[in-house]
Every structure is written in C-alpha cells, then in structure tokens.
Amino acid sequence: QEVTLQSAGVFCLLLVEHDYFRYHPMPEITDWMWLMVEDHPDLVTVVDYGRTHENRTISLLKIGLDTGLKKKAVWMDCGIHAREWIAPAFCQYFVRQILQTSKTDPKMELMMKNLDFYVTPVFNVDGYVYSWKDNTVSTRLWRKSRSASPPGCDCQGTDLNRNFDSNWGIESVGVSSNCCSSRYCGTGPMSEPETQFLTYFMGSWKDDFLCFLTIHSFGQMLLFPYGHPNFTASNYAELMEVALAAAEAIQEVHGMIYKVGIASDVIYPFSGSSQDWAHMLGIPLTFTFELRDNGTFGFELPEDQIQPSCEEAYSGVLHIITYAHDKAFSAAAAVWTVLLAAATTAVSLM
C-alpha cells in the first residue's frame, strides 16, 4: 500500500506494510489482493468470478506455479457470514504463509507446482461491507447477505450458508423460512447471486478440487459433512481421521482444543450449507473451520487474538492440504511406477 506525504513542497512515497494482525475493511482487503499479485507475479492472479446483489465484485486469489498443465486444486473461502471478521483475517494470513514458505520449504514449493490454491478472502462482500458501516450492534453483528426482502417482508438478506442446493430449506434442520431470521434460507436453492456464481464456478472444475475448506467463527470446531442428520459421508472414516490429526496439529501450536466431528453432531443440524454442497458435488475432503473463541468474545474477537488464532488454524489447514496433496500425487506416482515396471518388463522380453 502506498502513502504519499507532502512536506515543504517535497513529495515522499512510503510503502506501508499490510498488517495481518488487525481487521481490515473491504477496500483495504482488495488493495492487499492486488499487492499480492504485484509482489508475486509468478504465482498469484486475481480472478473475478461473480457479482453480489449490490453489484460488488466477488474475487479470489489463484495461487500456484503456472506449469502449462492441468492441475489439481484446493478451495478456501472466508467471510460467508459478515460478522465473522476473524475469517477474512485468516484467509489473508494463509495466503501470506503459503507464499512465504514456498520460497524456503521444499514441500510447499512442490505443492505450488502440483496444486492451485483458490482463496476467496471475503465471499459475502455486501454483508461484510455493511458490518463495517458503523459501531452499532445491528450492523457489526450482521450475518446475512444484503439481498432485497421478499414480497410481504421488510427484512433484508439471506444466510448464504443455508442457500446452497444441499437438502435446502428443511425447517427442522437449522434453517428458517422467516426472512427476518438470521438463518433465513432464501426463496429457493441458489436463489442468491453469490451462491449461484460459486456453484457455477466450482461446477466447471469440480473434478480438479481435492479439498474444500470454508472458514467461520466461533466455537473452535472442525466439522465435516453432513449438517443434515439423516446423511452420512461415504468417506466418514477418512474425514474423521484427517480432522482428528488436524485438531492435534492445532493444539500443538497454542494448546487450543478443537471439537471434531459431523456438523450435525458437534454444533447443530443444518441444511443448505456450502460444506454439504461441496461434498455432494464430489469433492472428497470437505471441512468447516470454526475459529476462536469459545464464546467469551464471540464474533467480536479482539485483534490481539488474531495472530494466535491464525497460527493454530494454519497448522490444521496445512495438515489437511498436505494430506490431500500426498494422497493424490502418491497414488499418481504409484501408477507411473507400475506402468514403468510393466514397460521395462516388456522391453526385456523382446
């Protein structure tokens, strides 16, 4: 970020380093995204993939080495709920960490070659902007989007994490048809432009994604499908094993304990979530992170907890991504070994 100062007729251009341990309004996050492109042109591009109800752009950072080949991918989104400010802070921290370590850590360097990271720092852009409007409780703790109220209702917004086409609209399962509720699920599955654009974008590349990570707060939980209690993931055992190991990695950083399990068991039943939708789409490793804290500060987590919260969550996220990478590329390496052995045998028999 550039700041120009004028003193005694002399202009000075100062470079102000992005502060990863304070909360940033949307314009500053947008500036930061372009700064990442400027600082890492060989690895980072900005992709605009949608528009909000209020016609703001939904953008992500695509991070990875351009090898000229089709690559596997990792998805991460933050800020689907406007009031969860620690989530966009984590996305920014995550991007910084993988870019820094790619220069010093051979494993991350390898993952940059093999994977593309798609990171949306703020998915619910309208809601996030509104949550910064003033210091009143009603705006700071706003959860939903800012879509227009349906006929016969005076309340705005839809809970975007109840609007996906995954067992949508079942009122007994953590959603509401009351448009004034914070969990209002919309007028239909994917009724909101934000969920439509994400659905179309990922649907075009669904076979490329190894894992889907959506970042929330609060409660210190690591959840996996399904939110609907009548459904169980076909790879439940794998999801539990990976999540437990990720929670151990989290605890090793600052001692924080994360609850692990099926979303409907650990937190409460809900339908229409992005997590469930992504797993139903065919993405095998699908997780929701609920970051700090356990309710002392809730959605208004103090800025002095941003750093430890991000550090521990990064450790858990890195475990999941590394697992996904190694599973995919170890399997590929094994296939090539078998094929090479077969080819060698065929040649020797000639």
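**Exercise 1.** In this predicted model, find which residues of helix H1 meet which residues of helix H2, and work out how the two helices are oriented to each other.

*Solution.* 
Step 1. Start with the contact itself: from H1, look for Ile29, Trp32 and Met36. Their partners in H2 are Pro88, Cys91, Gln92, Val95 and Leu99.
Step 2. Now turn to the axes. H1 spans residues 26-39 and H2 spans residues 86-101; their axes are 12 Å apart, at an angle of about 10 degrees.
Step 3. Angles under 35 degrees count as roughly parallel, so H1 and H2 are roughly parallel to each other.

**Exercise 2.** Locate Asp159 and decide: is this residue buried or exposed?

*Solution.* 
Step 1. Look in the loop between helix H5 (137-140) and helix H6 (193-203); Asp159 lies there.
Step 2. Check the relative accessible area of Asp159, which is 0%. Buried means under 20%, so Asp159 is buried.
Step 3. Explore the surroundings. Leaving out residues up to four places away in sequence, Asp159 touches His81, Arg143, Lys144, Ser182, Arg183 and Tyr184. With His81, the side chain of Asp159 makes a polar contact of 2.7 Å.

**Exercise 3.** Which residues have the most contacts inside the largest nonpolar core?

*Solution.* 
Step 1. This core has 85 residues, and Phe117 and Phe287 have the most contacts inside it.
Step 2. Ask which helix gives the most to the core: H2 does, with 10 residues.
Step 3. Finish with Phe117, whose contacts beyond four places in sequence include Leu61, Ile63, Phe94 and Met112.

Conventions. Residues are numbered from 1 along each chain as its sequence is written. This is a predicted model: local features need pLDDT of at least 70, side-chain atom pairs count only at pLDDT 80 or more; totals for chains, interfaces and linings use all residues. Side-chain values use heavy atoms; hydrogens and water are left out. Axes are lines fitted to C-alpha atoms, for helices over the stretch in contact, and angles run from 0 to 180 degrees between N-to-C directions. Helices (H or I, at least four residues) and strands (E, at least two) are DSSP runs, numbered from the N terminus. Angles under 35 degrees count as roughly parallel, over 145 as roughly antiparallel, 65 to 115 as roughly perpendicular and the rest as oblique. Contact means heavy atoms within 4.5 Å. Buried means under 20% relative accessible area, exposed over 50%, partly exposed in between (1.4 Å probe, protein chains only). A polar contact is a pair of N or O atoms within 3.5 Å; within protein, one must be able to donate a hydrogen and the other to accept it, and residues adjacent in sequence count only if both atoms are side-chain atoms. A nonpolar core is a set of buried Ala, Val, Leu, Ile, Met, Phe, Trp, Tyr and Cys residues joined through side-chain atoms within 4.5 Å.
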